[in-house]
Amino acid sequence: MDKELRYFKFLILVNTVISLILTYNIILYNIEYINLKIIFILLYAFIWFFSLYKVYFLSKFGLKLYISLVILGILLSILSNLKIYGKLYYILSLLEHMIIGSIIVFSHFSKIKAKFK
């Protein structure tokens, strides 16, 4: 496995870990209110982790799903109040978005693009 692909897969793993932490914080903060919002967050998270799994194994479908979820996530972030989760959430969220950008750049503008099936 070449160096570029290793970096790409490492970024996906880091994205997965940060996403787990962020999802856990959101669920923990809202656990008292088991409702449609929590169910939606869990469904979104499940699809998000599925897309990360597919991207890790270089699936074009997974990449399209991943990018669609990124766009949906941006829209949801605009509509939500992220300040309630605190500084750690904010910092991890920023880091995650930088990693997401890196994954998208790697998958579209590097040699890795040709490896997607």
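Me: Buried means under 20% relative accessible area, exposed over 50%, and partly exposed in between, with a 1.4 Å probe and protein chains only. Is Leu 58 buried or exposed?

Reply: Leu 58 is buried, because its relative accessible area is 9%. Before going on, note the conventions: this is a predicted model, in which local features need pLDDT of at least 70 and side-chain atom pairs count only at pLDDT 80 or more, while totals for chains, interfaces and linings use all residues. Residues are numbered from 1 along each chain as its sequence is written, and side-chain values use heavy atoms, with hydrogens and water left out.

Me: Where in the fold is Leu 58, and what is its phi?

Reply: Most residues other than glycine have a negative phi. Leu 58 has a phi near 60°, a positive value in a residue that is not glycine. The residue sits in the loop between H2 and H3; helices (H or I, at least four residues) and strands (E, at least two) are DSSP runs numbered from the N terminus.

Me: What is the mean pLDDT of the protein?

Reply: pLDDT is the predictor's confidence in each residue, on a scale from 0 to 100. Here the protein has a mean of 88, and 92% of its residues reach 70 or more.

Me: At what angle do H2 and H3 pack, and how far apart are their axes?

Reply: Two packed helices are described by the angle between their axes and the distance between the axes. Axes are lines fitted to C-alpha atoms, for helices over the stretch in contact, and angles run from 0 to 180 degrees between N-to-C directions. A crossing is left-handed if the near helix is turned anticlockwise from the far one by less than a right angle, and right-handed if clockwise. H2 (residues 36-56) and H3 (residues 60-79) pack at about 145° with axes 8 Å apart, and H2 passes H3 in a left-handed crossing. On the H2 side the contact (heavy atoms within 4.5 Å) includes Phe 40, Tyr 44, Trp 48 and Val 55, and on the H3 side it includes Leu 63, Tyr 66 and Leu 76. By class, the residues of this contact divide into 15 nonpolar, 3 polar and 1 charged; Ala, Val, Leu, Ile, Met, Phe, Trp, Tyr, Cys and Pro count as nonpolar, Asp, Glu, Lys and Arg as charged, and the others, Gly among them, as polar.

Me: What is the angle for H3 and H4, and which residues meet?

Reply: H3 and H4 pack at about 145°, with axes 12 Å apart, and H3 passes H4 in a left-handed crossing. Leu 63, Tyr 66, Ile 67 and Val 70 of H3 meet Ile 100, Ile 103, Ile 104, Ser 107 and His 108 of H4. This contact has 7 nonpolar, 2 polar and no charged residues.

Me: Which residues of the largest nonpolar core touch the most other members?

Reply: In soluble globular proteins, nonpolar side chains tend to be buried together. A nonpolar core is a set of buried Ala, Val, Leu, Ile, Met, Phe, Trp, Tyr and Cys residues joined through side-chain atoms within 4.5 Å. The largest one has 28 residues, of which Phe 8, Trp 48, Val 55, Tyr 66, Ile 103, Ile 112 and Phe 116 touch the most other members. H1 (3-30), H2, H3 and H4 each supply at least two residues of this core, and H1 gives the most, with 8.

Me: What is Phe 116 in contact with, leaving aside neighbours within four places in sequence?

Reply: Phe 116 is in contact with Phe 8, Val 55, Leu 58, Ser 59, Lys 60, Leu 63 and Ser 107. Phe 106, found in H4, touches Glu 4, Tyr 7, Phe 8, Leu 11, Ile 112 and Lys 113, not counting residues up to four places away.
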